[in-house]
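Colleague: I'd like to learn how to read the packing and the charged pairs in a model like this one. Could you walk me through it?

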Amino acid sequence: MTTPVCTSASEAAAAATLTLSYPSFASYVRARQPVLLRTARSLTANPSDAEDLLQTALTKTYAAWERIEDHRALDGYVRRALLNTRTSQWRKRKVDEFACDELPEPEPVPGGDDPAERQALRDAMWRAVMRLPARQRAMVVLRYYEDLSEAQTAAVLGVSVGTVKSAVSRALGKLREDPELIVSGP
């Protein structure tokens, strides 16, 4: 489970999505698929498995579409379906272990696509984002984590689009200069 970077920004983004009403299942999927796919990716290690997981959860949501009265709760319904489906898959997994003389080690990939390095960079990014001033942090989270447009971010925070653009630009400049985020070459 992730901790929101800026609680007030996350609540404001949630409030903005709560006012939406979706006339059809297809319009809901078109509008919310990127956000739901990020949630699915956080539950699996493989992007293809995340897509399959989301497809299964959306199938369950489609089957229950007529029974869901409050469309403001759709994201919660789909997220719960994602979690339940992933838990069921995890419980049903078949574990095959074979004893062998040598441990199978994958060949190192040139270019170093190491998952541990990617996670360390992700962690460093969150620490750098947390060091931003609250207002800039809220705008960065809404723009890049919640995937809101500049206009939507401005509406959620009650500021002008120009304010969002300049604050996000300054925040990205600070992140680019953060010594913890500088990746050294091979």
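Modeller: Let's start with charges: Arg127, Arg131, Asp178 and Glu180 are linked in a network of salt bridges, a salt bridge being a side-chain nitrogen of Lys or Arg within 4 Å of a carboxyl oxygen of Asp or Glu. Before we go on, this is a predicted model, where local features need pLDDT of at least 70 and side-chain atom pairs count only at pLDDT 80 or more, while totals for chains, interfaces and linings use all residues. Residues are numbered from 1 along each chain as its sequence is written, and side-chain values use heavy atoms, leaving out hydrogens and water.

Colleague: How many salt bridges does the structure hold?

Modeller: The structure holds six. One of them joins arginine 127 and glutamate 180, at 2.2 Å from N to O. Arginine 127 sits in helix α5 (residues 115-130) and glutamate 180 in the segment after α8, so the pair ties together parts 53 residues apart in sequence. Helices here are DSSP runs (H or I, at least four residues), numbered from the N terminus.

Colleague: Is arginine 127 buried, partly exposed or exposed?

Modeller: Go by relative accessible area: buried is under 20%, exposed over 50%, partly exposed in between (1.4 Å probe, protein chains only). Arginine 127 is partly exposed at 40%, and glutamate 180 counts as partly exposed at 32%.

Colleague: How do the axes of α7 and α8 cross?

Modeller: Axes are lines fitted to C-alpha atoms, for helices over the stretch in contact, with angles from 0 to 180 degrees between N-to-C directions. The axes of α7 (residues 150-157) and α8 (residues 161-177) come within 8 Å and cross at roughly 105°. The two helices are therefore roughly perpendicular, a label for 65 to 115 degrees. Glu150, Ala151, Thr153 and Ala154 of α7 make the contact with Val161, Val164 and Lys165 of α8, contact meaning heavy atoms within 4.5 Å. Lysine 165 and glutamate 150 also meet in a salt bridge (4.0 Å, N to O).

Colleague: And the nonpolar core: which members touch the most others?

Modeller: In soluble globular proteins, nonpolar side chains tend to be buried together. A nonpolar core is a set of buried Ala, Val, Leu, Ile, Met, Phe, Trp, Tyr and Cys residues joined through side-chain atoms within 4.5 Å. In the largest one, with 19 residues, Tyr28, Leu54, Leu58, Val78 and Leu82 touch the most other members. Helix α2 gives the most to this core, with six residues.

Colleague: What does valine 78 contact beyond its neighbours within four places in sequence?

Modeller: Valine 78 is in contact with Tyr28, Leu36, Leu54, Ala57, Leu58 and Thr61. Threonine 61 lies in helix α3 and counts as buried at 0% relative accessibility.

Terms used. Angles under 35 degrees count as roughly parallel, over 145 as roughly antiparallel, 65 to 115 as roughly perpendicular and the rest as oblique.
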